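Please look over the structure shown here. The report below takes it region by region.

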Amino acid sequence: MSHELWVHKFVGGENVPPDMDVVREVLEPYEISEPVVDDEGKAHFSIRAADGGEADVVASDNSVLVDRPARGEILVIIAELVSRLGAVIIDPRDAAFICRAEEHAHLPGQFQKDAIIIEMNGRAIQEAVMGPIPRNAQ
């Protein structure tokens, strides 16, 4: 199943640009394909974690899209990225906002009520967006 996770930063209910220096700093230690920049200035690249899991990434002025993230270490990388940016994850399938308590107050008002507050780590993201981890995978 294809899955998209959008990483957005909100301050006072407004979407603000993510710090691309932080994005590079978090992702550089991992195997990354050569970025391709499209006509809109969005950088498209793939990332591979040590466990072989992959995801496609699109970084733009206002968000970072993680497309088809694998279960496992890729989600750990996403959790680090979200935490370091002080951002939230938007799961467009359910229109769910997934965040730490620190970012909850910065969400637009209409999204605060239904936001899912988690400890930002790979396991919690996986359970929030992909369902419970099978017992044999623990």
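## The largest pocket

Which helix and which strand each supply at least two residues of the lining of the largest pocket? They are helix H1 (20-27) and strand E5 (43-48). H1 gives the largest share of that lining, 4 residues. In total, 13 residues line the largest pocket. Val23, Arg24, Ala43, Phe45 and Ala59 lie nearest its centre. The space in this pocket is about 240 Å³.

This is a predicted model, in which local features need pLDDT of at least 70, side-chain atom pairs count only at pLDDT 80 or more, and totals for chains, interfaces and linings use all residues. Residues are numbered from 1 along each chain as its sequence is written, and side-chain values use heavy atoms, with hydrogens and water left out. Helices (H or I, at least four residues) and strands (E, at least two) are DSSP runs, numbered from the N terminus. On a 1 Å grid over the protein atoms alone, a pocket is an open set of points where a 1.4 Å probe fits, with protein on both sides within 12 Å along at least five of seven lines; lining residues have an atom within 4 Å of a point. Its volume is the space filled by probe spheres set on the points, which are joined across faces, edges and corners.

## Aspartate 56

Aspartate 56 is found in strand E6 (residues 54-59). Its relative accessible area is 26%, so aspartate 56 is partly exposed. The cut-offs are under 20% for buried and over 50% for exposed, with partly exposed in between (1.4 Å probe, protein chains only).

Which side chains make polar contacts with that of aspartate 56? Serine 46 is one, at 2.7 Å. Arginine 68 is another, at 2.3 Å. A polar contact is a pair of N or O atoms within 3.5 Å; within protein, one must be able to donate a hydrogen and the other to accept it, and residues adjacent in sequence count only if both atoms are side-chain atoms. Aspartate 56 and arginine 68 are 12 residues apart in sequence, and their C-alpha atoms are 6.5 Å apart. Leaving out residues up to four places away in sequence, aspartate 56 touches Phe45, Ser46, Leu65, Val66, Asp67 and Arg68 (contact: heavy atoms within 4.5 Å).

## Strands E8 and E9

E8 runs antiparallel to E1, with 3 bridges joining them. Tryptophan 6 stands opposite isoleucine 90 in E8. E8 also pairs with E9 in the antiparallel sense, over 3 bridges. Two strands pair if DSSP finds at least two bridges between them. Isoleucine 90 faces phenylalanine 97 in E9, and isoleucine 89 has isoleucine 98 as its bridge partner. E8 and E9 form a hairpin with 4 residues between them. In the turn, alanine 95 has a positive phi of about 55 degrees.

Val88 and Ile90 point one way from E8, Ile89 and Asp91 the other way, and all are buried. E9 has Ala96 and Ile98 pointing one way and Phe97 and Cys99 the other, and all are buried. E9 runs parallel to strand E10 (residues 116-117), joined by 2 bridges. There, cysteine 99 stands opposite isoleucine 117.

## The aromatic cluster

The structure holds 2 aromatic pairs. Phenylalanine 10 and phenylalanine 97 form a tilted pair, 6.1 Å centre to centre with 50 degrees between the planes. They are 87 residues apart, in strands E1 and E9. The rings of phenylalanine 97 and phenylalanine 111 are stacked, because their centres are 4.2 Å apart and their planes at 25 degrees. Phenylalanine 111 lies in helix H4 (residues 109-112), so this pair ties together parts that are 14 residues apart in sequence. Rings of Phe, Tyr and Trp (its six-membered ring) pair if their centres lie within 6.5 Å; planes under 30 degrees apart count as stacked, over 60 as edge-to-face and the rest as tilted.

Phe10, Phe97 and Phe111 form one aromatic cluster. Buried or partly exposed: how does phenylalanine 111 count? At 29% relative accessibility, phenylalanine 111 is partly exposed. Phenylalanine 10 is buried at 11%, and phenylalanine 97 is buried at 7%.

## Helix H5

H5 covers residues 122-130. Its buried residues are Gly122, Ala124, Ile125, Gln126, Val129 and Met130. They pack against strand E1 (4-11), helix H2 (73-85), strand E8 (88-91) and strand E9 (96-99).

Asparagine 121 caps the N-terminal end of H5. One of its side-chain oxygens lies 3.2 Å from the backbone nitrogen of arginine 123. Just after H5, glycine 131 takes a positive phi of about 95 degrees.
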